[in-house]
Structure formats: structure tokens, C-alpha cells
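We will go from stop to stop, picking residues and seeing what surrounds them.

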Amino acid sequence: MGGSFNPVHIGHMLLATYLVEFGIVDRVLMMLSPANPLKDLSSEYPSESDRMRMLEIACSSVDKIEPCDIELTMPRPSYSINSLRKLAESYPDSRIRLIVGSDNWNQFNRWRDFEKIIMEFNPIVYPRPGYPIDKTTLPEGVTAVDSPIFEISSTFVRNTLAAGKRIDLFLPPGVAGYIRQQNLYASPLTS
């Protein structure tokens with residue numbers, strides 16, 4: 001499951017837990033993307049090391065969900081096809097699948113080598129608010145899951161933190177403390 005995780009929030013963790021606990025996958029690698037080629041990056045992004053540290057904290061107390069920094073070692077921009085192939089090399093005894101939200105699935109044809117991703121990595125599509133999944137239109141090899149829809153986003157979290165509000169329960173245990181400690185997202189909050 002790739003993402004900028006800017007920051008990682010409970011929606012990410014709840015989805016990953018759902019996929020593992022309901023037997024869709026054996027484990028989830030949460031792959032930090034340093035730069036999404038389809039997004040305009042701004043200075044609001046904390047450093048890769050801060051975002052990776054938040055992922056490590058979020059995953060530290062959860063079984064079968066692991067942070068993955070493979071994209072941080074690869075050439076930029078980072079394309080999913082290259083990252084997935086590198087993961088397949090690194091885990092030769094595992095079947096690697098891409099986990100993608102229906103919002104991203106809606107623009108999947110803009111991804112580099114999207115047909116190859118479908119053929120080689122059989123995406124799992126989960127629902128996102130406002131982006132229903134029409135299972136009858138999914139290509140062969142693509143699986144739609146009926147996971148709960150979590151109406152939380154990293155944008156909401158960033159904006160709320162920047163407004164000076166405490167939303168610790170929207171973040172995995174320990175992540176809010178790290179954000180305050182590092183003064184990320186213009187958060188003036190204190191413990």
C-alpha cells in the first residue's frame with residue numbers, strides 16, 4: 001500500500017488491518033512514496049525521514065503491517081511499476097499485490113505502465129468516499145473489497161493540526177506525540 005503518508009492516520013491503519021484480518025492479504029507493506037508524480041509537491045511535506053519515522057511508529061504495535069522504505073532508495077520520480085517490481089525481487093517467495101483506493105483507481109489509466117501493473121500485480125481496490133466501485137467494469141485480475149469507508153484524509157489531518165487543534169485519536173498511537181515533538185504541520189500544540 002503506497003502513499004505519501006503525510007501524515008499516516010488511523011484510516012490507513014484501519015484499512016491495512018481490515019485487509020489482513022479479513023484474509024485478503026497475509027500482510028501489508030506500507031510503502032512510503034517520496035514524491036507522487038501525479039501530485040504537485042509543496043513545502044508542506046515533512047522530510048522523508050520524518051514521514052518514515054511516523055510510519056515506523058504507527059506500525060510498531062500492529063502485527064502483519066510493516067513500514068517499507070524501498071522507494072526512498074530508488075531513482076526519482078518514483079513510479080509504482082518500478083517499486084512493485086523491486087518488491088517482487090526483494091520478496092521472491094511472496095505474491096506482491098498493489099492496494100489502491102477507488103479515488104486513485106478512477107485515474108489509474110494515468111499511471112505509468114498501468115496495464116503491466118494490472119497484469120503483474122493484480123490490484124486490490126478499496127472504496128473511498130465519493131468514488132464508488134463498479135465491480136462489473138474491473139479488468140481481470142483486479143479485486144474490489146468491501147472494506148469500511150473511512151472518511152479521513154491526510155489533508156484533513158494537516159489542516160486541523162495547522163489550525164492548532166488536538167486530534168490525537170485520528171492518529172496511530174505515538175504519531176501525535178512525534179508531530180508535536182518535531183513541530184510538524186505548523187502545529188503549535190504542546191503535550
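The tour starts with the ground rules and then moves through cores, rings, a helix, salt bridges and a surface patch.

**Before you select anything**

This is a predicted model, in which local features need pLDDT of at least 70 and side-chain atom pairs count only at pLDDT 80 or more, while totals for chains, interfaces and linings use all residues. Residues are numbered from 1 along each chain as its sequence is written, and side-chain values use heavy atoms, with hydrogens and water left out.

**Stop 1: the cores**

Begin by selecting Val8, Leu19, Val28 and Met30. These are the residues with the most contacts inside the largest nonpolar core, which has 36 residues. A nonpolar core here is a set of buried Ala, Val, Leu, Ile, Met, Phe, Trp, Tyr and Cys residues joined through side-chain atoms within 4.5 Å. Buried means under 20% relative accessible area, exposed means over 50%, and partly exposed lies in between (1.4 Å probe, protein chains only).

Now colour the elements that give two or more residues to this core: helix H1 (10-21), strand S2 (28-32), helix H2 (48-59), strand S5 (124-126), H6 and H7. Helices (H or I, at least four residues) and strands (E, at least two) are DSSP runs, numbered from the N terminus.

Next, centre on valine 28. Not counting residues up to four places away in sequence, valine 28 touches Met1, Ala16, Leu19, Val20, Lys64, Ile65, Glu66 and Ile99. Contact means heavy atoms within 4.5 Å.

**Stop 2: the aromatic cluster**

Select Trp105, Phe108, Trp111 and Phe114, which form one aromatic cluster. The structure holds 5 aromatic pairs. Rings of Phe, Tyr and Trp (its six-membered ring) pair if their centres lie within 6.5 Å; planes under 30 degrees apart count as stacked, over 60 as edge-to-face and the rest as tilted.

How are the rings of phenylalanine 108 and tryptophan 111 arranged? The pair is tilted, at 4.6 Å centre to centre and 45 degrees between the planes. Both of these residues are buried. Turn next to phenylalanine 114: its ring centre is 6.4 Å from that of phenylalanine 108 and the planes are at 80 degrees, so this pair is edge-to-face. Phenylalanine 108 has 2% relative accessibility, whereas phenylalanine 114 is partly exposed at 22%.

**Stop 3: helix H7**

Show helix H7 (175-182). Its buried residues include Val175, Ala176, Tyr178, Ile179 and Arg180, and what covers the buried residues of H7 includes H2 and H6. Step past the end of the helix to asparagine 183, where phi is positive, near 55 degrees.

**Stop 4: more salt bridges**

A salt bridge is a side-chain nitrogen of Lys or Arg within 4 Å of a carboxyl oxygen of Asp or Glu. By this rule the count comes to 8.

- Select arginine 27 and glutamate 66, whose closest N and O atoms are 2.8 Å apart. Arginine 27 lies in the loop between H1 and S2 and glutamate 66 in strand S3, so the bridge ties together parts that are 39 residues apart in sequence. Arginine 27 is partly exposed at 35%, and glutamate 66 is partly exposed at 27%.
- Select glutamate 48 and arginine 76, which meet at 2.7 Å, N to O. Glutamate 48 is in helix H2 and arginine 76 in the loop between S3 and helix H3 (80-90), so this pair ties together parts 28 residues apart in sequence.
- Select glutamate 56 and arginine 53, which meet at 3.3 Å, N to O. Both lie in helix H2, 3 residues apart, about one turn of the helix.

While glutamate 66 is on screen, look at its surroundings. Leaving aside neighbours within four places in sequence, glutamate 66 is in contact with Arg27, Val28, Leu29, Met30 and Cys59.

**Stop 5: a surface patch**

Finish with Phe156, Leu169 and Phe170, which make a nonpolar surface patch of about 330 Å². Patches are made of residues with over 30% relative accessible area and no salt bridge: like charges are joined within 9 Å, nonpolar side chains (Val, Leu, Ile, Met, Phe, Trp, Tyr) within 5 Å. Accessible areas come from the Shrake-Rupley method with a 1.4 Å probe; for residues, only the protein chains shown count as cover.

Is leucine 169 buried or exposed? Leucine 169 counts as exposed, at 79% relative accessibility, and lies in the loop between helix H6 (154-162) and H7.
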